[in-house]
Amino acid sequence: MTSSARPFLNRRLAEFGTTIFAEMSALATSTGSINLGQGFPDTDGPEEIREAAVRALRDGRGNQYPPGPGIPELRTAIAAHQERRYGLSYDPDTEVLVTAGATEAIAATLLALLEPGDEVIAFEPYYDSYAACIAMAGGTRVPVTLRPHEGSFRLDLDELRDAVTEKTRLLLINTPHNPTGTVLTREELTEIARLAVERDLLVVTDEVYEHLVFDAAEHLPAATFPGMRERTVTIGSAGKTFSFTGWKVGWVTAPPALVSAVRSAKQFLTYVSSGPFQYAVAEALALPDAYFDAFRADMLAKRDVLAAGLTEAGFEVFRPQGTYFITTDIRPLGESDGFAFCRALPERAGVVAIPNAVFYDHREAGAPFVRFAFCKQTEVLQEAAKRLKAAR
């Protein structure tokens, strides 16, 4: 056995340790707390879709390696979904790629499209895998911060435009946005599209919460805007829409040259995955609109239950327009350090949350904000709210 002064972890990943989700979920288990930290439902999705997976297993479909791009049935279903919902036409054979969840889609896309030194603009706070994937690809992340404004977090379009340099390769967009729940407006997306076309930028858009949009907000895929289809990689996922997050079925839709590039990287990551589940997701995407409407209505009701409970417990609540997360400000509680607050909360109240600062490069900007997930059973949310109010 040899020893060396050289660290084992390469410098690109040196800033990334164990994710906050692992830490807080472990804390939830050790304290017996209600876990409103990690974003996974506590009930399964539609029974008929679960049975479709069982049927595929029993019929021997997908038990061996599926095709590298994904099974034809799923690629066809993804293309049909994009056409039916948004009027976007994609060729299932050349413009659709199935991935091991959206996380692999993000990793493969950035590994495929970035050269070392390329700059990537992302909206801060951002899902933590964005930063890690940019680092693994040798890129440089350039955060543009969403800031609180009139009860939500909004994008400063002037700041976005100023962030673009000669080194900017792509814009990494997430709408509906995790963790803030912001849904980009038509006006914002129009300006983003104009900027991307003007500066000849690629756009990678994470739309995994596309079916969780509330109130008057509307999900508008970036690829539907003028000049955008040919430069946009759209990422979707079954996990958030059908409440089967453990199946890890995601996808990419993009023009053939971009899909080919992403596939070149993806084939050396997982190669293939989720064989039987791909058949089930193909059936799920063909569910009638009534399913998607009921799913959204259920999550909206849960949002309102938790938002009301958090307000009563003394938090300032930013009511989300999308996703299944609520961001709160802890300063009305006399707190200002989200990390310390979240690490103490299980013992104080028997509830686990996530400090938003982990989603920021500028940690101080996110210090007083804490995220709660409401993709749980209503009685669980009510009990969490009761505990938080009692601990106040």
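In what order do the seven strands of the open sheet with mixed pairing stand? The order is 2-10-9-8-7-3-4, where strands, like helices, are DSSP runs numbered from the N terminus (E, at least two residues, for strands; H or I, at least four, for helices). Two strands are taken to pair if DSSP finds at least two bridges between them.

The structure is a predicted model, in which local features need pLDDT of at least 70 and side-chain atom pairs count only at pLDDT 80 or more, while totals for chains, interfaces and linings use all residues. Residues are numbered from 1 along each chain as its sequence is written, and side-chain values use heavy atoms, with hydrogens and water left out.

Strand 2 runs antiparallel to strand 10 (residues 250-253), and four bridges join the two. Thr-99 has Gly-250 of strand 10 as its bridge partner. Helix 9 (residues 256-266) lies across strand 2, strand 8 (202-206), strand 9 (232-237) and strand 10, at about 25° to strand 2. Axes here are lines fitted to C-alpha atoms, for helices over the stretch in contact, and angles run from 0 to 180 degrees between N-to-C directions; contact means heavy atoms within 4.5 Å.

A further open sheet consists of four strands in the order 11-12-15-14, with antiparallel pairing. Its edges are strand 11 (316-318) and strand 14 (354-355), each with a single partner strand, so one side of each is left without a neighbour in the sheet. Strand 11 is joined by three bridges to strand 12 (residues 325-329), and the two run antiparallel. Within strand 12, Thr-328 is the bridge partner of Val-317. Helix 11 (residues 289-312) lies across strand 11, strand 12 and strand 15 (369-373), and runs at about 15° to strand 12.

Among the helices, the axes of helix 4 (residues 101-113) and helix 5 (residues 128-136) come within 9 Å and cross at roughly 30°. That makes helix 4 roughly parallel to helix 5, a term for angles under 35 degrees. Helix 4 contributes Thr-103, Ile-106, Ala-107, Leu-110 and Leu-111 to the contact, and helix 5 contributes Ser-129, Tyr-130, Cys-133, Ile-134 and Met-136. Of the residues in this contact, eight are nonpolar, two are polar and none is charged. Nonpolar covers Ala, Val, Leu, Ile, Met, Phe, Trp, Tyr, Cys and Pro, charged covers Asp, Glu, Lys and Arg, and polar covers the others, Gly among them.

How values were computed
Angles under 35 degrees count as roughly parallel, over 145 as roughly antiparallel, 65 to 115 as roughly perpendicular and the rest as oblique.
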